[in-house]
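Visitor: Can you walk me through a few local details of this one? I'll jump around a bit.

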Amino acid sequence: MTVLCNNISQVCIASSQHALLQYLLLFDDYTVKYKTFYMLGYGIGTDISAHLPACHFGTSPTAGKHSLMRMLDKVLIRIFKYAKFPFLRSADIYALDWGFAAPLIGRRQYSLLADCPLFMSHNMQETSGEFLRQLHQKHSLEGRLERWLIGNIAISGHGNNPQCQRFFLTEENVSPVLKNKEIHIQSLQCLWDNASNDKKNFVATTFNVAQSDVDGISGRDIMFMTQALITDAILSETEYLHLLNRLFSRYDQSKLLIKLHPRDRFDYRRYFPDVAVYDKPVNIQLLVLMGTSVSKAVTICSSSINAFPETVDVEWLGVEAHPALKRFYGDTLLPMRKYKQIQL
C-alpha cells in the first residue's frame, strides 16, 4: 500500500505491536489506510509493515552497536528527516517516544500511544526502573550530549516532557507524569467491539492472523507469556534457562503452550521438546480480541498478562525471581488484576 506525501495528515511512530494495534483501532478506516504514514521499529516485522505505507528505523540492542554509534544514527535521522519525510513538519504525530522516535519527533508536539497494558503505571512511578534511568540520564554527560544533539525527548520519554500533549491509554494508569495532561482512555476490547467488520479484517490481515491461529492456541490449557529478556540484555541465556527449568517443573508440559514475545529469539524447542511453541510474531492482545481462550496464563513478569479476562487464572513469578530483573524493572511491576504469586 502506498500513499502520496501530500495526502498524509498523521504519522504513527511505533516500536511495539501493541501501539500499532491501538493506532489502527483508534482511527477510521480511511485515515489508517490512506492518510497515515507508519514509522516502525525492529520489533514489528516486514511481513506486517508490507500491508502499510511504512518504513523501518532502529536496530536491536543486541545488534552490536556502541551507544555512540546509535546516537550518531539518531543525529543523522534528525538532520535528514525533512528531506525524506517532509510531512513530519505538519502531520499530527502519534508515537511511542523512545529510541528512533525522538529525532523524528524533534521539537514537535505529539500524542503518546500505549506500549502495553498499564505501561505508565509500571514504568513511570518514582521508584520504577525507567523513571530512575531517565533521572540518571538527565544528569549524566552522555545524557546531556544526547539532549543537545537530538532533543529533550531522547532522555525524557514515556511522555515525561512538555511536548507530549495527549496520552492514549487502554486503561486507567497512575503516574506523576500524567498530572495535568490530556488523557483519553479506551480499552482495546471497546475499540474492537466498535470497529467495523472491514476494520477487523484489515487489522487481522495486517498482523497476518487467521482464525486457525486463534483455534490452535486454544488447544492447550496453559499459556506461558515470554519476554525479550535475553534480547534486551536483562538476563543471560544461562540465567533465563535456569529460571525456566524451575518454573516449568510446576506444570504438565503436555498442556503448556509458549507464546513468544515478538522480539524473543530464545530456542524453547531445543530445551523443552514436550512444550508447544506459538512463534508467530503476534501480540497476545489481538489474539484475545479474536477469541483465543486458555484456562491459565503464566509469566515471569510480562505486563501482557493483563490482556486476559478475569475468567483466566493468572500465575506470576515477578521481578524478585532474579536480581537483574529487580534492577531493570524496579519494584512497581505487578499485575493490575487478580493473580497467584508463584513461589519457586
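Visitor: What does Asn173 touch, leaving out residues up to four places away in sequence?
Guide: This is a predicted model. In it, Asn173 is in contact with Leu118, Phe119, Met120, Ser121 and Leu178, not counting residues up to four places away in sequence.

Visitor: Where does Asn173 sit?
Guide: Asn173 is in the loop between β6 and β7.

Visitor: And is Asn173 buried or exposed?
Guide: Buried, because its relative accessibility is 7% and the cut-off for buried is under 20%.

Visitor: Which backbone atoms does the Asn173 side chain reach?
Guide: The backbone nitrogen of Met120 is reached at 3.0 Å. A polar atom of the Asn173 side chain also lies 3.4 Å from the backbone nitrogen of Phe119.

Visitor: What about Asn180, where is that?
Guide: Asn180 lies in the loop between β6 (164-169) and β7 (182-185). Its phi is near 65 degrees, a positive value in a residue other than glycine. Most residues other than glycine have a negative phi.

Visitor: Buried or exposed, Asn180?
Guide: Exposed, because its relative accessibility is 75% and exposed means over 50%.

Visitor: Moving on to Asn208. What is its phi?
Guide: Near 60 degrees, again a positive value in a residue other than glycine. With 24% relative accessibility, Asn208 counts as partly exposed.

Visitor: Since α10 came up, how do the axes of α1 and α10 cross?
Guide: The axes of helix α1 (residues 17-26) and helix α10 (residues 197-206) come within 10 Å and cross at roughly 160 degrees. That makes α1 roughly antiparallel to α10, because angles over 145 degrees count that way. The crossing of α1 past α10 is right-handed.

Visitor: Which residues make that contact?
Guide: From α1, Leu21, Leu24 and Leu25; from α10, Lys199, Phe202, Val203 and Thr206. By class, the contact of α1 with α10 has 5 nonpolar, 1 polar and 1 charged residues.

Visitor: Which residues of α10 are buried?
Guide: Lys199, Phe202, Val203, Ala204 and Thr206 are the buried residues of α10.

Visitor: What do those buried residues pack against?
Guide: The buried residues of α10 pack against α1, α2, α3 (46-49), α9 (188-193) and α14 (284-289).

Visitor: You listed α2 there. Where is Asp29, and what does it contact?
Guide: Asp29 lies in helix α2 (residues 29-35). Leaving aside neighbours within four places in sequence, Asp29 is in contact with Ser196, Asp198 and Lys199. Lys199 is also one of the buried residues of α10.

Visitor: How accessible is Asp29?
Guide: Asp29 counts as partly exposed, with a relative accessibility of 24%.

Visitor: New topic, His56. Where is it, and what does it touch?
Guide: His56 is in strand β3 (residues 54-56). Apart from residues up to four places away in sequence, His56 touches Leu40, Gly41, Ile44, Gly45, Thr46 and Ser49.

Visitor: Which backbone atom does the His56 side chain reach?
Guide: The backbone oxygen of Ile44, at 2.7 Å. His56 is partly exposed, with a relative accessible area of 32%.

Visitor: Last one, Thr226. Is it buried or exposed?
Guide: At 3% relative accessibility, Thr226 counts as buried. Thr226 is in the loop between β8 (222-225) and α12 (237-248).

Visitor: What surrounds Thr226 in terms of contacts?
Guide: Leaving aside neighbours within four places in sequence, Thr226 is in contact with Tyr240, Ile258, Lys259, Leu260, His261, Asp264, Tyr268 and Ser302.

Visitor: Which backbone atom lies 2.7 Å from a polar atom of the Thr226 side chain?
Guide: The backbone nitrogen of His261.

Notes:
Residues are numbered from 1 along each chain as its sequence is written. This is a predicted model: local features need pLDDT of at least 70, side-chain atom pairs count only at pLDDT 80 or more; totals for chains, interfaces and linings use all residues. Side-chain values use heavy atoms; hydrogens and water are left out. Helices (H or I, at least four residues) and strands (E, at least two) are DSSP runs, numbered from the N terminus. Buried means under 20% relative accessible area, exposed over 50%, partly exposed in between (1.4 Å probe, protein chains only). Contact means heavy atoms within 4.5 Å. A polar contact is a pair of N or O atoms within 3.5 Å; within protein, one must be able to donate a hydrogen and the other to accept it, and residues adjacent in sequence count only if both atoms are side-chain atoms. Axes are lines fitted to C-alpha atoms, for helices over the stretch in contact, and angles run from 0 to 180 degrees between N-to-C directions. Angles under 35 degrees count as roughly parallel, over 145 as roughly antiparallel, 65 to 115 as roughly perpendicular and the rest as oblique. A crossing is left-handed if the near helix is turned anticlockwise from the far one by less than a right angle, and right-handed if clockwise. Ala, Val, Leu, Ile, Met, Phe, Trp, Tyr, Cys and Pro count as nonpolar, Asp, Glu, Lys and Arg as charged, and the others, Gly among them, as polar.
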